[in-house]
Amino acid sequence: CSSGTAKAEAPPATMGRRTRKVGITGKWGTRYGSSIRKVLKKTELTQHASYVCPFCGKDNVRRVATGIWQCRSCKKVMAGGAYMLSTPAAVTVRTAVNRLRRTANE
């Protein structure tokens, strides 16, 4: 045996999980009530998510500002919803317009 020159192996350092349930809303701590934080969690997750670009097809569209979205691949800038690229109301309008366009052409 050597005289104290060998170091004991430490276990690999792993990051501790700071939030289990609250996720992105952990920054608010216990303030504002759990129901409001749950609603805001859904909104913030959709706001910070990346979406598929309708022009190039890559999963690179990110929110620049309220209602302004930009693809990081093809650099196209498009207008969309405040928190998601295409809102459910916009999808409904788009399908209705396409259906009316099809019936007018026939």
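At 54% relative accessibility, Tyr32 counts as exposed. Exposed stands for a relative accessible area over 50%, buried for under 20%, and partly exposed for the range in between (1.4 Å probe, protein chains only). The model is predicted: local features need pLDDT of at least 70, side-chain atom pairs count only at pLDDT 80 or more, and totals for chains, interfaces and linings use all residues. Residues are numbered from 1 along each chain as its sequence is written, and side-chain values use heavy atoms, with hydrogens and water left out.

Tyr32 sits in the segment before helix H1 (34-48). Helices (H or I, at least four residues) and strands (E, at least two) are DSSP runs, numbered from the N terminus. Together with Ile36 and Leu40, Tyr32 forms a nonpolar patch on the surface. The accessible area of this patch is about 300 Å² in total. Areas come from the Shrake-Rupley method with a 1.4 Å probe, and for residues only the protein chains shown count as cover. Patches are made of residues with over 30% relative accessible area and no salt bridge; like charges are joined within 9 Å, nonpolar side chains (Val, Leu, Ile, Met, Phe, Trp, Tyr) within 5 Å. A salt bridge is a side-chain nitrogen of Lys or Arg within 4 Å of a carboxyl oxygen of Asp or Glu.

Two aromatic pairs are found in a search of the whole structure. In the pair of Trp28 and Tyr32, the ring centres are 6.4 Å apart and the planes stand at 90 degrees, so the geometry is edge-to-face. Rings of Phe, Tyr and Trp (its six-membered ring) pair if their centres lie within 6.5 Å; planes under 30 degrees apart count as stacked, over 60 as edge-to-face and the rest as tilted. Trp28 is buried, at a relative accessible area of 19%. The rings of Tyr51 and Trp69 also pair edge-to-face, with centres 5.4 Å apart and planes at 90 degrees. This pair links distant parts of the chain. Tyr51 lies in the loop between H1 and S1, Trp69 in strand S2, 18 residues apart. Trp69 is buried, with a relative accessible area of 0%.

Two strands pair if DSSP finds at least two bridges between them.

S1 and strand S2 (residues 68-71) are joined by four bridges. Arg62 stands opposite Gln70, and Arg63 has Trp69 as its bridge partner. Two residues separate S1 from S2 in a hairpin, where Gly67 in the turn has a positive phi of about 80 degrees. S2 and S3 are joined by three bridges. Here Trp69 stands opposite Met78. The S2-S3 hairpin has five residues between its strands, and Lys75 in the turn has a positive phi of about 65 degrees.

Trp69 and Cys71 make up the covered face, Ile68 and Gln70 the uncovered one. In a regular strand the side chains alternate between the two faces of the sheet.
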